[in-house]
There are 2 protein chains.
Amino acid sequence: MKFFEDIEIGTRTELGSYTFTAEDIKRFAERYDPQPFHTDEDAAKRSHFGGLVASGWHTASVFMKLQAQVILQRNLELSTTGVSPGFRNLRWLKPVYAGDTLRYSTAVTRKRELATRPQWGIVFNQVTAVNQHGEVALEIETSALFARRDASASSS
Amino acid sequence: MKFFEDIEIGTRTELGSYTFTAEDIKRFAERYDPQPFHTDEDAAKRSHFGGLVASGWHTASVFMKLQAQVILQRNLELSTTGVSPGFRNLRWLKPVYAGDTLRYSTAVTRKRELATRPQWGIVFNQVTAVNQHGEVALEIETSALFARRDASASSS
């Protein structure tokens, strides 16, 4: 079991790649972000983007999709519940056009104990999604709770 | 037309309400966040949540859905393109259970000119989603670009 104490700053995890097809972009946007440059190729061509682009919430949700797969695969190894108190500084740095492929990865940037809940620690990660041209399209600073070994040792 | 200069700090906009049904929670989660407490009622009952809960990315995407409706309604009145450079400090403060209704609103908190792009200004909002018990379930600090009247005046 990996506890809070075992998480090493700098550890990087490849989460995998995802290609945003026009159909997929429109399906997400029709439900959650119906701005014309996300739902209609012709309107998108006339917009400042010049072509159909994915909703930023779509590209962020795909991060969660890939992250969840990793969490589920490692479920027995990690002391995290998969529960996050939130995230900081989500940045949409480049438009994601229909046909673009993003490669997502995450790296541990810092961690700290929780004064109010000594059985838990919080681990911060920097998520990065890079497109097929090598450009960073999305960054998110995420956080997640991990159980502390010290706490489980002292309670036994 | 509403320009950057016309946006008043403190202005609050009601975005509307949304009820998260079990079917809706599972449909989003199966595609974007397949953790068992989002996809399976029985597994969710056995989890620390005690029942099916919506993915945090689902509750955030519903904010975008409601915000997009407002942007589209006001398209002719606002000088914003609907384009955002990103978000800060998204906080998931309470679980959102199947059947819960969130009421979303947004309030202008601050704004500033962009030194590098004098034709634009950036406006920051605090988004809040409150559940049917009056508890804040979600907060997001958003930002969006608005055209500056000064810039359009000086270019005419």
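Two residues are in contact here if their C-beta atoms, placed from the backbone, lie within 7 Å, and the legends below describe a predicted model.

Figure 1. Along its principal axes, the C-alpha trace of chain A spans about 65 × 30 × 25 Å. Of the 156 residues of chain A, 35% count as buried. Among the contacts in chain A that join residues at least 6 apart in sequence, 68% are between residues at least 24 apart.

**Figure 2. The side of chain B that touches chain A.** In this view, 27 residues of chain B are in contact with 27 residues of chain A. Two elements of chain B, α4 (56–73) and β2 (86–92), each supply at least two residues of the side that touches chain A, and the largest share of that side, 10 residues, comes from α4(B). Sorted by class, the side of chain B that touches chain A has 13 nonpolar, 10 polar and four charged residues. Because 100% of the interface residues of chain B are also interface residues in chain A, the copies meet through the same surface.

**Figure 3. The rotation that relates the two chains.** Chain B is superposed on chain A by a rotation of 180° with 0.0 Å of shift along its axis, and the RMSD is 0.0 Å. This is the relation of a two-fold axis. Which residue of chain B comes closest to the rotation axis? That residue is R88(B), whose C-alpha atom is at 2.4 Å from the axis.

Figure 4. Strand β2 of chain A, residues 86–92, is joined to β2(B) by four bridges, and the two strands run antiparallel. Within chain A, β2(A) also pairs in the antiparallel sense with strand β5, residues 136–147, over four bridges.

**Figure 5. The hairpin of β4 and β5 in chain A.** Strand β4 of chain A, residues 120–130, is joined to β5(A) by 11 bridges, and these strands run antiparallel. One of the paired positions is A129(A), whose bridge partner in β5(A) is L138(A). The two strands form a hairpin with five residues between them, and G134(A) in the turn has a positive phi of about 85°.

Figure 6. Most residues other than glycine have a negative phi. N89(A), which lies in strand β2 of chain A, has a positive phi of about 55° although it is not a glycine. In chain B, N89(B) is placed in strand β2, and its phi is near 50°, again a positive value in a residue other than glycine. Is N89(A) buried, partly exposed or exposed? With 15 other C-beta atoms within 10 Å, N89(A) is partly exposed, and N89(B), with 15 other C-beta atoms within 10 Å, is partly exposed as well.

**Figure 7. Helix α1 of chain B and what covers its buried residues.** In helix α1 of chain B, residues 22–32, the residues I25(B), K26(B), F28(B), A29(B) and Y32(B) are buried. Seen down the axis of α1(B), these buried residues fall within an arc of 165°, so they line one face of the helix. An α-helix has 3.6 residues a turn, so residues three or four places apart point the same way. What covers the buried residues of α1(B) includes α4 (56–73) of chain A, together with α2 (36–39) and α4 of chain B.

**Figure 8. Helix α4 of chain A.** Of the 18 residues of α4(A), 13 are buried, so this helix is largely enclosed by the rest of the structure. At 1.5 Å a residue, the 18 residues of α4(A) should span 26 Å, and the end C-alpha atoms are 26 Å apart, which agrees.

Figure 9. D6(A) lies in the segment before β1 (12–19) of chain A, and with 13 C-beta neighbours inside 10 Å it counts as partly exposed. D6(A) and R148(A) are 142 residues apart in sequence, while their C-alpha atoms are 9.2 Å apart in space.

Technical notes:
Residues numbered from 1 in each chain as written. Chains lettered and ligands numbered in written order. Predicted model: local features only at pLDDT ≥ 70, side-chain atom pairs only at ≥ 80, totals over all residues. Nonpolar A, V, L, I, M, F, W, Y, C, P; charged D, E, K, R; others polar. Pairing = 2+ DSSP bridges. Least-squares fit on C-alpha atoms with pLDDT ≥ 70 in both. Buried ≥ 20, exposed ≤ 12 C-beta atoms within 10 Å, placed from the backbone. Arc of directions from axis to C-beta. Expected span 1.5 Å × (residues − 1).
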